[in-house]
Amino acid sequence: MIIVVIIILLLAIAVLVVYNLHIQKKIESFNNINQKINNLSVLQDFMTIAGQEDTVDKKLNRINEIIIEKYDIKYSTIVVFNGAEYVIKASNVETRHHEALTNLHTEEIFQDSVATATPKYVTIESETEKLPYQKVEMGRAKSAMFFPLYIDNIYIGYWIMESGKMHAFDHIDTTIIEVVKDNIISVLQTTAYQDTIENIDRIDQFTGLHSAEYLYGNAKRIFSKYPTSAVCMFRITNIEEINKQVSREMGNDIITEVSNIIKSKMAAQYVFVRYMGPKFMIVFSGVEEGSVEEFLSTLKEEIESLELVQDEEEVQKIRIIKGKKVRVREIKEKQVASPTLNFVVSTYYKGTGLEQLNKKLEEYIDNAPKQESQINYI
């Protein structure tokens with residue numbers, strides 16, 4: 001009888017062991033599925049942020065915040081080489097440590113990692129030690145993982161995550177971290193063009209206006225708040241004649257005066273840039289195309305009534321008299337110059353290609369008859 005009971009107990013134990021193993025496998029499977037779902041969620045968050053109308057730095061800082069939040073990392077820093085120097089694109093580390101973080105590529109402990117495109121894990125073994133790359137700081141980070149970043153086999157910078165605990169990353173799932181790293185690289189690739197546009201923008205010396213590149217970077221975030229906006233390109237059609245018949249200095253003065261008049265009338269949400277040479281652009285953020293005609297007509301009338309005067313001046317010229325070069329003085333008469341403008345207007349729809357619309361407007365302005373001076377709609 002006792003033997004039967006023992007056999008039954010052993011069978012029960014065996015069944016429970018098998019059942020527990022089965023449950024354990026299901027839990028592991030569930031955890032794996034849950035982790036995959038989490039990774040997909042993080043990737044979706046990354047791609048959503050990459051597509052938002054915001055600066056590259058703000059996008060990367062938001063992505064860094066997600067990394068810290070989702071993967072429970074204390075410190076995370078993304079450093080990118082911009083062609084001239086290493087710059088921190090995102091970090092939650094205090095700024096007093098930034099100089100050290102932008103020079104990690106020079107540290108011997110990470111140089112092999114950069115050269116071989118492999119991660120590097122460093123940690124201390126006692127509280128009296130500090131990590132090799134730490135110069136004067138102690139206590140902030142006691143372990144770190146360094147990841148070099150490559151795009152198409154080209155080294156572009158690195159990502160480093162740090163912890164205030166020793167051996168914090170001993171058992172970390174490197175597969176997950178590799179996914180995070182790949183996602184960081186994807187976002188850097190996605191935002192590379194935007195980053196270039198944001199940094200290539202210049203301020204024109206004569207007008208104080210942004211260049212055309214401004215339209216595709218910071219300015220776009222202004223008018224993309226609205227479903228549609230009226231876009232106007234205009235050209236000072238007689239600028240070449242003014243330069244030739246009066247002087248280039250007068251041409252520059254005309255451009256400056258025209259710009260100042262328009263700047264004084266711009267609402268805060270409107271965007272006004274010097275597109276190229278005598279061509280300018282105004283984006284009336286959130287305004288219907290048909291609603292700008294009265295404003296542009298009044299503006300055109302005011303600008304074309306402008307008269308700039310170049311006073312008489314004495315100039316010296318070289319004349320050939322009886323085969324000899326002779327320096328003579330001449331009086332250059334007073335001259336008056338007035339600008340004439342030609343406008344073309346269209347509608348920008350949020351989410352569509354602004355560069356294609358601008359090309360269409362520019363083609364019209366460039367191919368319009370020289371004597372055309374009106375407000376056109378296309």
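Predicted model: local features only at pLDDT ≥ 70, side-chain atom pairs only at ≥ 80, totals over all residues.
Q: How many bridges join E3 and E4?
A: E3 and E4 are joined by four bridges, in the antiparallel sense. Within this pair, Tyr 121 has Met 145 of E4 as its bridge partner.

Q: Staying with H4, is Ser 113 buried or exposed?
A: Ser 113, which lies in H4 (residues 108-116), has a relative accessibility of 4% and therefore counts as buried, the limit being under 20%.

Q: What is Ser 113 in contact with, beyond its neighbours within four places in sequence?
A: Its contacts are Thr 118, Pro 119, Lys 120, Phe 146 and Pro 148.

Q: New topic: the other sheet. What is the order of the strands in the sheet with E7 and E14?
A: That open sheet has five strands in the order E7-E8-E6-E13-E14, and the pairing is mixed. The twist averages 25° from one strand to the next.

Q: Why is one side of E7 and of E14 left without a neighbour in the sheet?
A: Strand E7 (271-276) and strand E14 (375-377) stand at the edges and have a single partner strand each, so one side of each has no neighbour in the sheet.

Q: How much of E7 is buried?
A: E7 is mostly covered, as five of its six residues are buried.

Q: How do E7 and E8 pair?
A: They pair in the antiparallel sense over five bridges, E8 being residues 279-284. Val 271 stands opposite Val 283 in E8. The two strands form a hairpin with two residues between them, and Gly 277 in the turn has a positive phi of about 55°.

Q: Which helices lie across E7?
A: Helix H9, residues 248-263, lies across E6, E7 and E8 and runs at about 155° to E6. Helix H11, residues 354-367, lies across E6, E7, E8, E13 and E14, and runs at about 160° to E13.

Q: Back to phi. Which residues other than glycine have a positive value?
A: Asn 153 has a positive phi of about 65°, and His 167 has a phi near 55°. Most residues other than glycine have a negative phi.

Q: Where are Asn 153 and His 167 found?
A: Asn 153 lies in the loop between strand E4 (143-151) and E5. His 167 is in the loop between E5 and helix H5 (174-190).

Q: How accessible is each of them?
A: Asn 153 has a relative accessibility of 73% and so counts as exposed, the limit being over 50%. His 167 is partly exposed, with a relative accessible area of 33%.

Q: Now the largest pocket. What is its volume?
A: The volume of the largest pocket is about 410 Å³.

Q: Which of its lining residues are the closest to the centre?
A: The pocket is lined by 18 residues, of which Val 80, Phe 81, Asn 82, Lys 89 and Asp 195 are the closest to its centre.

Q: Which elements give two or more residues to that lining?
A: They are helix H2 (56-71), strand E1 (75-81), strand E2 (86-91), strand E5 (154-163) and helix H6 (192-200). H6 gives the largest share, with five residues.

Methods: Residues numbered from 1 in each chain as written. Heavy atoms only, no water. Pairing = 2+ DSSP bridges. Axes fitted to C-alpha atoms, helices over the stretch in contact; angles between N-to-C directions. Contact = heavy atoms within 4.5 Å. 1 Å grid on protein atoms, 1.4 Å probe; cavity = no way out; pocket = protein on both sides within 12 Å on 5 of 7 lines; lining within 4 Å. Points joined across faces, edges and corners; volume = space filled by probe spheres on them. Buried < 20%, exposed > 50% of the residue type's maximum accessible area, 1.4 Å probe, protein only.
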